[in-house]
Amino acid sequence: MSSDNHDRDDESNGATATTDKLSPMDLRSEFSHHDPTVARINNGSFGSCPSSVIEAQQRYQLRFLQQPDDFYYNHLKPSILRSRQAIKTLINAGHVDEISIVDNATTGAAIVLQHVKWCFFQSKFNPGDTAVMLHYAYGAVKKSVEAYVTRAGGHVIEVNMPFPIASDDDIITAFKNALELGKSDNRKVRLAVIDHITSMPSVVIPVKELVKMCRDEGVDCIFVDAAHAIGSIEVDVQEIGADFYTSNLHKWLFCPPSIAFLHCRNPEVPNLHHPVVSHEYGNGIAIESSWIGTRDYSAQLVVPEALEFINRFEGGLDGIRKWNHQKVIEMAEMLVKIWCTNLGTPLDMCSSMAMVGLPACLGIMSDSDALTLRSHLRDCYKVEVPIYYRQPKDGEVDPVTGYARISHQIYNTINDYYRLRDAICNLVSSGFTCKVFQD
Ligand SMILES: Cc1ncc(COP(=O)(O)O)c(C=O)c1O
């Protein structure tokens, strides 16, 4: 294991020097509220919001506080519609009525899964009919499937996929097998929950192929959980063709917490309601979602300002996506080379996040060890990065059992990744092992 000493701060982060484009100085200033002592390489969990967008949000908050009635009667709905229209264009939806703005992907999932629950309650689906989802589906979404679908009589099949993963084919084959199993004993597959990018481990899923396979098999409801997608990979909902598609704008699209969209291919489908019922109940999911009681709606109103910020970057959103993808790969390859480990996925299955194998000698033997190491990196090295534990297969020699999920967003510099590199090298050379924390 070696560690070369390039402690130069990388300035060439895609920002340009032209006037209305983001200069490197503008970029630093837009994120100057970030704690400067922390190497923040975890954009994936909570996203980030530049100060120009925060200021726009605060203007909306103040306008509401200054004259709430005027804001409510004259500005709120048109402003939400403006955000919905911007999202429609971004994701190539057919009509703005297909777009609802909700708080987060968890709420998007609740809307879809409650709809499925009613299909069971109204005997459109039979007890024992199946729902297929990835084993790596997000924890909160799995709980929602349990709460709405299993409790309503559905049978859930989890699709196991290998990790590290070699290619799309591994996922496609595993999914096909699960659909076959779901159809056995005269049951029908009623629901497929497909991640666009899984959270932990982070893998870009061949969503178009899986949706097509589900369509060909006659799956009634195809839901794509794309919490990480918008802003980090290309999204074209018509091309993907799912019934429902949800994504957070506060993760990779520079919006403040919290805002997500739910795209419904057919928003008129029966029993599609927001879980929080208010005055707009029955007026269609998009309008229901636009008023769920008195609260702060400002995060939902600043999509145009977030896009203005994005367009100041060379190449706009496409430029940001390509930049982050290219940089995260570069950083991931630098780290595996130094640590003598491996990546968790092929490069084309990374988005703006990558899974980087950690040295086996760190002794990560459980989820709890992974969390311990993550906390240790935060507390002792001020490096923020999630760690994934992978159970080794029988007979593996010196298996890589821990992977760091690194993110790249435009505020990151190469130094952030050198901080992680050096922290791990330091732990290895000092003989650190998670076993110390196990008793
Ligand atoms: C794949 C996936 N689905 C759903 C969610 C939930 O997002 P939120 O907490 O914003 O609702 C996340 C959050 O990280 C996620 O990674």
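I looked up the residue facing T130 and found that T130 stands opposite V189, which belongs to strand β5. I noted that the model is a predicted one. Strand β5 covers residues 189-195, and four bridges join it to β3 in a parallel arrangement.

I then turned to the pairing of β3 with strand β4, residues 155-159. Five bridges join these two strands, which also run parallel. Within this pairing I found L134 opposite V159 of β4. I next traced the unit that contains both strands: β3, helix α6 (residues 139-150) and β4 form a right-handed β-α-β unit.

My next entry concerns burial. Is strand β3 enclosed or open to the outside? I recorded that five of the five residues of β3, residues 130-134, are buried, so the strand is largely enclosed by the rest of the structure. I took a residue as buried when 20 or more other C-beta atoms lie within 10 Å of its own. In a regular strand, side chains alternate between the two faces of the sheet.

Finally, I looked at the whole protein. I noted 15 helices and twelve strands. The radius of gyration is 23 Å, close to the 22 Å given by the globule rule for 439 residues, so the protein is as compact as a globular protein of that length. The C-alpha trace spans about 60 × 60 × 40 Å along its principal axes. Of the 439 residues, 47% count as buried.

How values were computed. Residues numbered from 1 in each chain as written. Predicted model: local features only at pLDDT ≥ 70, side-chain atom pairs only at ≥ 80, totals over all residues. Buried ≥ 20, exposed ≤ 12 C-beta atoms within 10 Å, placed from the backbone. Pairing = 2+ DSSP bridges. Right-handed = clockwise from strand over helix to strand, strands pointing away. Rg over C-alpha atoms; globule rule 2.2 N^0.38 Å.
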